[in-house]
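Biologist: Please take a close look at the charged side chains in this model and go through how they pair. I would like to know where the partners sit and how open they are to the surroundings.

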Amino acid sequence: QVQLRESGGGLVQAGGSLRLSCAASGRTFSSYAMGWFRQAPGKEREFVAAINWSDGWSGGNPVYANSVKGRFTVSGDNAKNTVYLQMSRLKPEDKAVYYCAAGRAAIVSTTAWLSRRVDYWGQGTQVTVSS
């Protein structure tokens, strides 16, 4: 059974940092793009960041939404089958449930990953940023 298990969410003050982790299991995720979406209350789920596979996630090109570029960093550890999202300089508008995602098709855009290209989703982890 495929599982994407997020961890690391929580409450942080504006300007602070958090690191989210996504541990993948249940199949081989080599060649999969992996990354993060988020959904704020009353809003649609939106792309945040992702990383393509190129002989491992460490060699893949990262892709970021414009709203988080320069503040968030996505990375992956092939040996642990885990992808991370380091979030810095958090803003109240970053408050959302963050979902880990995995997709077979490589991401070709430099700023977006379509949710319909995602094959697996995690359950989500809450990130709250206080002002």
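Modeller: A residue is called buried when its relative accessible area is under 20%, exposed when it is over 50%, and partly exposed in between. The model is a predicted one.

Side chains of opposite charge can pair when their charged atoms come close. A salt bridge here requires a side-chain nitrogen of Lys or Arg within 4 Å of a carboxyl oxygen of Asp or Glu. By that rule the model has 4 salt bridges.

Start with R38. One of its partners is E46, and the closest N and O atoms of this pair are 2.7 Å apart. E46 has a relative accessibility of 35%, so it counts as partly exposed. R38 has a relative accessible area of 5%, which means that it is buried. R38 also forms a salt bridge with D94, where the closest N and O atoms are 2.9 Å apart. D94 sits in the loop between β8 and β9 (96-103), while R38 belongs to strand β4 (residues 33-39), so this pair ties together parts that are 56 residues apart in sequence. D94 counts as buried because its relative accessibility is 0%.

Next comes the pair of R104 and D119, whose side chains meet in a salt bridge at 3.1 Å, N to O. R104 is exposed because its relative accessible area is 51%. D119, at 30% relative accessibility, counts as partly exposed. Returning to R38, salt bridges with shared partners join R38, E46, R71 and D94 into one network.

E6 gives another case. E6 belongs to strand β1 (residues 3-7). E6 is buried but has no salt bridge, and the nearest side chain of opposite charge, that of R5, is 7.5 Å away. Instead, the side chain of E6 reaches backbone nitrogens: that of C100 at 2.8 Å and that of G124 at 3.0 Å. Leaving aside neighbours within four places in sequence, E6 is in contact with a set of residues that includes S21, C22, W36, Y98 and Y99, as well as C100 and G124.

How values were computed
Residues numbered from 1 in each chain as written. Predicted model: local features only at pLDDT ≥ 70, side-chain atom pairs only at ≥ 80, totals over all residues. Heavy atoms only, no water. Helix = DSSP H or I, 4+ residues; strand = E, 2+ residues; numbered from the N terminus. Buried < 20%, exposed > 50% of the residue type's maximum accessible area, 1.4 Å probe, protein only. Lys, Arg positive; Asp, Glu negative; His and termini not counted. Polar contact = N/O pair within 3.5 Å; in protein donor to acceptor, adjacent residues only side chain to side chain. Contact = heavy atoms within 4.5 Å.
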